[in-house]
Amino acid sequence: MAVEAGTGRVAPAELRRSAVDHARARRASRRRNELLRHLALAVITFILVAPFYYVFLASLKNATEIFSYPPKLLPFPPFFGNYKKLLFDTGFLRWMFNTLFVAGSVTTLKIFLDSMAGYALAKIDMTGKKVVFLAMLILLMVPIGALVVPLWALMSSFGLIDTYAALILPPLANPLGAILMRQFILGLPKDLENAARLDGLSEFGIYWRIVLPLIKPGLVVLAVIIFTDQFMSFIWPLIATTSDELQVLTVGVAALRAHGGANYGLWSASAVMSLIPVGVFFFVLQRQFLARSLAGALKQ
Amino acid sequence: MTDAVMTEGGRNAAGRLRLSPAEHRRLARKARLRRELTGWMFLGPMFLCFVLFLVVPVCGTVWWSLRTGNIASGTSFVGLQNFYDLPGVVGAGSAIANTLIFAAISVPLILVGALGVALILAKIRHGGSIYRFLVYFPVLVPGVVAALIWLFLTNVDFGLFNNVMKAFGAYPVTWLGADSALGVLAVLDVWRNIGYWAMFFVAAIIGLPTELYQAAELDGASTWARFRYLTLPLLRRIIFFAVIVSTIWGLQVFDTALVLTNGGPGTATTTVIYRVWLYVFASNNKVGFASAISLVLILVILALTLVQMRLLRDRRGID
Amino acid sequence: MTATQPAIELIDVGKHYGSVSVLTGVNLAIADGEFIALLGPSGCGKSTLLKLIAGLEELSGGEIYVGGQLANYLKPSDRDVAMVFQNYALYPHMTVRENIGFPLKMRGLAKEAIGEKVQAAAAFLQLGAQLDRFPDELSGGQRQRVALGRAIVREPLAFLMDEPLSNLDALLRVEMRTELVRLHKRVGRTTIYVTHDQVEAMTMANRIVLMHKGVIQQVGTPSEVYSRPANTFVATFVGSPPMNLFQGRVDSAGGCRKFVGAFELPLDGIAASEGTATLGIRPEQVQIVPTDTPQALGATVELVERVGADSFVVSQIADGVTINARVDGARQVREGDRVAVRLPAAELRLFDAAGRAVD
């Protein structure tokens, strides 16, 4: 790509001409490279997105159309039977409500728990906080999936199996949020809280009126992380609930797959419908979603 | 209160202090107590959840890994017996092997792919955001739904893969057969996670100092040389972080295996967490084995976490 | 509070973090209405001392009295002191009006009362037009004024200022300096002003507290600190260029006391005991005289720094020993000239082996 620099001695006029040529060649190669990049990305994104379209197509086909070859690549005339069945003959809407309710509750609770814990870890001089923080770092990556046995025993000893509480409480333990919030709050200037302290704010007042407003961007990122994790969670809701009324989306959809034989039309419709909240949410909060990846870099 | 001590005798051994040392100690203790209390009021709620639903379960796993029986009717202590027996227990060995193979296939593919995408994406001038959006979208699909989608790709009769094969005149393939199912599961994971790490690397690449690249370009370094001698070394720690974290995630695979292949054919895609679930909740009640195999997973994850923490501390030491 | 009671009194104040001692044995009484400058190099503990007075750090020992009341265990907001921070510490999510009114709001004042006080402070600080802006829309000088406004609306017993001008550019700094003095005259409140800039301390303060390594070196008016430094640290820290110092000893052999070092000098009227000593003299007291002047030291001019009205003449009086003299800028002295320097006995300062001034 880099244009080779001229070698040897050259007369001034020649030098000027070759400089112009160089610049032109460089521009051309830049354009060519940009085009190649677009081409590569187009292919990659096509491969990544094609499955969605294929399932979307299937969801608008009836049972015989799904199996026909060559496949119809445009959904016309569309068949809405799959969606009708999904919405009216299964608990899909209930599952969706449960997921949104549980994820929303966990997110709301955790925003406060984590930001308060982060405040204590970052700003309050107290014994034991180093040990607590270290424990949080060490257990950060232990997945809920490896703890289902004791968690189930714990929740059933509380008599909470098959309740919303069983779905909402265990995810609150995840220390990632507290660690992230600590990091965010450490980034606030020390003198700001000192000023607030002199102005007469209590410790809680500083948290509520100074810290929370100033880490709002961090809170949004945290909310997005927690909400999506909850939206996607599967194994714990699978184990913690037994009744149909309490199934969350992932569990319900998995049950559709597991029971009642192969029903590709219904499956495809449920896949498409499950993605709607993700799509909407993602579209609105695109920037914060991408920050999810960046938050990884903050995990220290 | 101060006036009382400001008498002639106020000049005590400590010098010219007007309050007695004992009184100072008492007041200081009170202030300290108040601060500790405030601290725990802030940390307490989160800490309680952390202990109750994370620390206690981890300890519970250790406890039950040393016992046998079932939770409902009572268990008895057997020492390390579960661990000795583990290799011989139905499915335990294959579950561990499957999980390791799964991670060994998916992690390198994810990271190499993500790095490639990120290198292109970081350099693009116009329209980058739409690609980012599309590349990232599969990341937000729950595993269960992703697996459902892949049922439509891997179906022998009408799946997208076989339709493409047919279009090129090749024979259809049984994608979810005993030999290939685990591989397909790993590729599904690549599809689902490549966007996450791609965005992660994009952020890291954008943060690299541009002067270095300009200097390298002046020195006549080719694109490959710049990648090999600048980008890769500069991203070394970031990449290492990605390897550890994506491995930890890979070891947890469960929902896609359940929905796409039901752990099969046979036990071809039965992973560790899948096996735990089977031991306790699906068929026979083997709490001891379930806990023992969980504990193995937890210990591996803890080891990887410690390596990661060690690495970050080293970096802090250097910077 | 009686008239003689100090506004702020520090008794044996100490502060250490673990085994690292930051402040030791600080004793200081600050009279009501005084403008005190805490001066010292960075890391000397002056900011820590200010934070201890404000209650933002906990004492390791000693007592602090604010308005006659023991403050050690009082909350910062109960100490009746207001602080102006180096980086202003304005609340970025509040307007200027809200920032200035915030301490009053926290004290539960009525809305109208707050409004009035904020208006008055803003008028005094010429911030009337900026009241509804946010801090990041203001210039450095304006932010500084807002920070001052937030402090003065409280009408506190004392103002604590932590290098408030160090983030301003040179021109603005001089302007704000006079403004702060004006403010102090007008409000008449005790002010403790932390700075590492001796010019600020000399021009603004009634008294200067010089600190070094967590220990108070000298407390005195600017002229006292300048002309009668308590030790060699003060002698070199205050004054630019610093006081000339010469190592040597005091010798009284042969009946008359004299300083013996790189040169010999009779010490008339200085009550010094024999032993190791340091002799000091301010550059402006050093006289450059014709070479045939009696009792003058022969010297070679090494360097002449012309700074306008004055010139600084650095001359070598012995091998490796130089002396800096401030002379009239019009005076013709060239590098390499042979001259003589005279050190008037009345202007000499003598420091003992520990560096303490001998008086």
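A residue is called buried if 20 or more other C-beta atoms lie within 10 Å of its own, exposed if 12 or fewer do, and partly exposed in between, with C-beta atoms placed from the backbone. By that rule, 46% of the 300 residues of chain A count as buried. This is a predicted model, in which local features need pLDDT of at least 70 and side-chain atom pairs count only at pLDDT 80 or more, while totals for chains, interfaces and linings use all residues. Residues are numbered from 1 along each chain as its sequence is written, and chains are lettered from A, with ligands numbered from 1, in the order in which they are written.

**Confidence**

- The term pLDDT stands for the predictor's confidence in each residue, on a scale from 0 to 100; its mean in chain A is 85, with 89% of the residues at 70 or more.
- Helices (H or I, at least four residues) and strands (E, at least two) are DSSP runs numbered from the N terminus, and in chain A the confidence is lowest in helix α15 (residues 286-298), at a mean of 54, and highest in α4(A), at 95.
- Two residues are in contact if their C-beta atoms, placed from the backbone, lie within 7 Å; residues 1-8 of chain A, where pLDDT stays under 50, have 10 contacts beyond four places in sequence in the model.
- The pLDDT is also below 50 over residues 296-300 of chain A, a stretch with 7 contacts in the model beyond near neighbours in sequence.
- Where pLDDT is low, the predicted coordinates should not be read in detail.

**Chain A: fold and helix packing**

- Chain A has 15 helices and 0 strands, and 75% of its contacts between residues at least 6 apart in sequence join residues at least 24 apart.
- Helix α6 (residues 148-157) of chain A is mostly covered, with 7 of its 10 residues buried; these are A:V148, A:V149, A:P150, A:L151, A:W152, A:L154 and A:M155.
- After α6(A) comes A:G159, whose phi is positive, near 70 degrees.
- Helix α4 (residues 92-123) and helix α11 (residues 216-232) of chain A pack at an angle of about 140 degrees, with their axes 9 Å apart; here axes are lines fitted to C-alpha atoms, for helices over the stretch in contact, and angles run from 0 to 180 degrees between N-to-C directions.
- Angles under 35 degrees count as roughly parallel, over 145 as roughly antiparallel, 65 to 115 as roughly perpendicular and the rest as oblique, and α4(A) and α11(A) are therefore oblique to each other.
- Residues that meet across this pair include A:V102, A:V106 and A:K110 in α4(A) and A:L222, A:I226 and A:F227 in α11(A).
- Counting Ala, Val, Leu, Ile, Met, Phe, Trp, Tyr, Cys and Pro as nonpolar, Asp, Glu, Lys and Arg as charged, and the others, Gly among them, as polar, the contact of α4(A) with α11(A) divides into 10 nonpolar, 4 polar and 2 charged residues.

**Where the chains meet**

- Between chains B and A, 85 residues of chain B are in contact with 81 residues of chain A.
- Helix α2 (residues 21-65) of chain B gives the most to the side of chain B that touches chain A, with 22 residues, and that side divides into 63 nonpolar, 13 polar and 9 charged residues.
- Between chains A and C, 13 residues of chain A are in contact with 16 residues of chain C, and α9(A) gives the most to the side of chain A that touches chain C, with 7 residues.

**Backbone features of chain C**

- A cis peptide bond, with omega about -5 degrees, joins C:S240 and C:P241, and C:P241 is placed in the loop between α8 (232-237) and β11 (244-251) of chain C.
- C:Y88 has a positive phi of about 70 degrees although it is not a glycine; C:Y88 is found in the loop between β6 (81-84) and α2 (96-106) of chain C, and counts as buried with 24 C-beta neighbours inside 10 Å.
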